[in-house]
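Student: Please take me through this structure slowly, one topic at a time.

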Amino acid sequence: MIKARLQEIVDRCFQEGVKREYWPQSADDYALETPKRQGQGDFSTNLALIAAGIKKKNPREMAAKLTGLLADYCDITDKIEIAGPGFVNFFIRDAVWQDVLPGICQQGESFGPPKIGAGKRVLVEFVSANPTGPLSVGHGRQAVLGDAIARLLEATGHEVTREYYYNDAGRQMRVLAGSLRARYLELSGIPCELPEDGYQGKYIYDIARELLDEQGDKLQGVDDLTPFQKKAEQAIFKDINGTLQRMGIHFDNYYNEHTLYDDGHIDDVVARLRDKGLVYEQDGAVWFKTSEFGLEKDRVIIKSTGEPTYRLPDIAYHREKFRRGFDWMVDIFGSDHIATVPDVMAGITALGLDASKVTVVLHQFVTLMRDGHQVKMSTRKATFVTLDDLLSEVGPDVVRFFFLMRKADSQLDFDLDLATQQSQENPVYYVQYGHARLTSIIRQAGERGIDVPGRDNTHVSLLDQPEEIALLRDMASYPELVKNAALDLAPHRVVFYLQELAAKFHSYYNKHRVISEEDLEMTKARLQLVRGIRIVLRNGLNLIGVDAPNSM
RNA sequence: GCGCCAGUAGCUCAGCUGGAUAGAGCAACGGACUUCUAAUCCGUAGGCCGGGGGUUCGAAUCCCUCCUGGCGCACCA
C-alpha cells in the first residue's frame with residue numbers, strides 16, 4: 001500500500017525527467033524494491049543506474065537529478081539519499097507506517113490484496129486422479145497446492161472454479177475391475193489369481209468385502225466386469241472424497257472424460273485438425289503433426305485399435321475449457337506429466353486458441369521418509385502410505401503447511417518421523433501459536449476492561465519502537481505480497497511471510513510488554529498493533545487453508 | 001542420447017522481474033520463565049550460492065559448457 005504510493009511518486013518524477021530530457025522513456029524498466037539491509041531505507045530505486053546505463057553518464061549524477069525532482073513531489077519521506085553505485089534510497093516517515101494500522105483494523109477480514117482479477121473467470125484443475133485407488137501423498141501435495149492457488153486467486157478477486165477431471169473408462173479401470181472380481185471370488189472361497197498388473201492394495205479386499213455383503217454370491221458366475229467396475233469406482237470415489245473433505249478441499253465440478261466422447265468433441269477435434277491438414281494416417285494409427293509446432297516428432301492420437309491416446313481427450317477437454325468462457329486456465333500436474341504439456345499446448349494452438357491463457361504448474365515429487373529411509377510408493381503395489389494415513393498421523397493443518405513450505409518446482413522430502421513425533425517443533429504451530437498469543441492478549445485486555453482501538457488513530461504515534469515500525473512495515477507489505485504470490489501462482493511465499501511475521505511478533509512480545517497498568521495510552525496503542533497483527537496472521541493462515549486457533 | 005526440474009550453512013530450504021556486506025528454520029554451543037501462553041525469546045558459530053567460461057556499472061539470479069540427483073522421452077494416463 002505504501003509502496004504503491006511511492007511508486008506513483010517515482011513514476012511521476014520519472015516522466016518529469018523525460019520531459020526535461022534527463023533520461024529517455026526507454027529507461028522505464030526501473031524497479032522500486034525493498035532493500036535487504038538496514039540503513040538502506042525502506043525502499044530503493046535503481047532508476048539512476050538504468051538511466052545512466054542508457055545515456056552513458058555517471059549514475060550518481062543521474063541520481064542527483066532524480067532526488068532534485070523528488071524534493072518537489074515526495075511528501076511521505078524523512079530522507080532521500082543517494083547510496084552505493086547510484087541507488088536512491090527512501091526513508092519513510094514513521095507516521096506514514098503508523099497510519100497504516102487503523103486502516104488494517106477497519107478492514108479486518110477484507111484486508112488483503114487488490115482485486116486485480118475482478119471480472120476474470122479462472123478454472124483451476126487439480127488432483128484429477130482416476131478412481132483406481134486411495135489418494136497418495138503426491139496427490140496430497142497437488143490437492144494442497146491447487147486449493148491454495150485457488151484461494152489466492154479468489155483473494156485477488158478472480159472468479160474461480162475448482163475442477164476435478166477424471167476418466168472412469170479404459171484399461172486401468174478394467175484391470176481394477178478384474179482385481180476386485182478376483183478378491184471377491186477369493187473371499188467367496190473360490191481360489192482366484194489376481195490379473196496381470198492387478199492392483200494389490202488391501203483396499204481392494206475392503207471393497208470386495210462390501211460387495212460380498214451387498215450382493216452375496218450373486219456375482220460368482222458373472223464374467224461381465226461392469227458390476228465390479230461400478231462398485232470399485234463408487235467405493236473409491238467415496239474414499240477420495242472423504243480424504244479431500246478431511247483436508248477441507250472441495251471441488252465445484254467433476255468433469256468426466258466420457259462426456260467428451262458422448263458429446264462428439266473427440267471426433268470433432270480430429271475433424272478440425274484434419275481440415276487444417278495437421279493429421280495423417282500411418283501404420284493404422286492417426287497421427288497429429290506436433291512437429292509443425294516445434295516439437296521433436298509427431299504423436300499418435302488414435303491407436304490402431306481405434307482407441308484414442310490420452311492426448312486427444314486432453315486437447316478436447318482444453319477446448320471445452322475455452323468454450324466455457326474462462327479467461328485463464330490453470331492446470332496443476334505432477335512432474336511425471338511433463339511430456340503431455342507440449343502436446344496439449346500444440347493442440348490448443350492448432351485449434352486456433354490462445355495457448356497463453358493456459359498456465360501449467362508442475363510440481364515435483366514428494367519423497368516420503370520414514371526411519372531415515374525413502375518409502376517407495378506405487379498405487380498398484382501394497383507398499384504405500386496414503387494421504388489419509390498421513391492426515392491421521394499429523395492432521396490437515398500440518399499437511400497443508402508442509403506441502404506449501406516448498407515451491408512447486410522443488411522436490412519435497414516429507415519426513416514422517418519429524419512430522420509425527422516432533423510435531424512440537426513444527427513451523428505450523430509456531431505461526432498458530434503466534435495467533436493464539438495475540439488472541440490471548442486481547443482477551444486479557446477485555447478482562448481488565450481496556451478497550452482495543454480499532455479505526456481511530458489517536459494512539460498510533462506512540463508506536464515508535466524499531467520493532468513496532470518493522471512490524472507495521474511488514475503488515476503494510478502484505479497486500480502486495482499476496483498479489484504477487486497469486487499472479488505467480490506461488491503460495492509458498494505466503495507461508496514464508498507468515499513465518500517471518502510470527503517471528504517478529506514473538507520477538508516483540510518477549511521484549512516489550514503490551515498491557516501495562518501504568519501507561520494506559522501506550523497499552524492502547526500496542527493493543528491496536530496486536531489487533532492488526534492478528535488480522536494479518538489470521539487472513540494469511542486462512543489464505544492457505546490453515547486454522548488460526550484462539551488458544552493452544 | 002534428448003527435454004523439464006533441482007544443486008545456496010552439517011540437514012531441509014527461501015531469495016519476486018539481475019542490484020548494494022548472502023537469508024531462515026532445524027541440528028550444535030551458551031543464556032532468559034514470581035511477568036500479556038517458554039509450542040516463546042536472546043546470543044555464538046557455521047558459506048569459492050555444484051565446477052568452469054561469458055554478458056555489464058553489478059550475477060545465486062541471464063547465456064554457453066561440464067558434473068551430480070529427480071522426472072519424463074509409448075499406438076500407458
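Student: Which element gives the largest share of the lining of the largest cavity?

Tutor: This is a predicted model, in which local features need pLDDT of at least 70 and side-chain atom pairs count only at pLDDT 80 or more, while totals for chains, interfaces and linings use all residues. Residues are numbered from 1 along each chain as its sequence is written, chains are lettered from A and ligands numbered from 1 in written order, and side-chain values use heavy atoms, leaving out hydrogens and water. At least two lining residues come from each of β11 (328–334), α13 (340–350) and β12 (358–363), where helices (H or I, at least four residues) and strands (E, at least two) are DSSP runs numbered from the N terminus. With four residues, the largest share belongs to α13.

Student: How much space lies in the largest cavity?

Tutor: On a 1 Å grid over the protein atoms alone, a cavity is a set of points where a 1.4 Å probe fits but cannot get out, and lining residues have an atom within 4 Å of a point. Searching the whole structure gives one cavity of 30 Å³ or more, and its volume is the space filled by probe spheres set on points joined across faces, edges and corners. For the largest cavity, that space is about 30 Å³.

Student: Into which classes do the residues of its lining divide?

Tutor: The lining of the largest cavity consists of His 318, Asp 331, Phe 333, Thr 340, Val 341, Val 344, Met 345, Val 358 and Val 360. Asp, Glu, Lys and Arg count as charged, while Ala, Val, Leu, Ile, Met, Phe, Trp, Tyr, Cys and Pro count as nonpolar and the others, Gly among them, as polar. Sorted in this way, the lining has six nonpolar residues, two polar and one charged.

Student: Which residue in the turn between β3 and β4 has a positive phi?

Tutor: Six bridges join these antiparallel strands, with Thr 77 opposite Ile 92 and Ile 80 opposite Phe 90. The hairpin has three residues between its strands, and the turn residue whose phi is about 55 degrees is Gly 84.

Student: What is the bridge partner of Val 366 in β15?

Tutor: An open sheet of three strands runs in the order β14-β13-β15, with mixed pairing, and its edge strands are β14 (373–375) and β15 (412–415). Strand β13 (366–370) pairs with β15 in the parallel sense over four bridges. In β15, the partner of Val 366 is Leu 412.

Student: What is the bridge partner of Val 286 in β10?

Tutor: Strand β9 (285–288) is joined to β8 (279–282) by four antiparallel bridges, and Val 286 is there the partner of Glu 281. Strand β9 also pairs with β10 (299–302), in the antiparallel sense over three bridges. In β10, the partner of Val 286 is Ile 302.

Student: Where is Leu 489 found?

Tutor: Although Leu 489 is not a glycine, its phi is positive, at about 55 degrees. Ser 128, another residue other than glycine, has a positive phi near 45 degrees and sits in the loop between β5 (121–125) and α6 (137–155). Leu 489 lies in the loop between α17 and α18.

Key
On a 1 Å grid over the protein atoms alone, a cavity is a set of points where a 1.4 Å probe fits but cannot get out, and a pocket is an open set with protein on both sides within 12 Å along at least five of seven lines; lining residues have an atom within 4 Å of a point. Two strands pair if DSSP finds at least two bridges between them.
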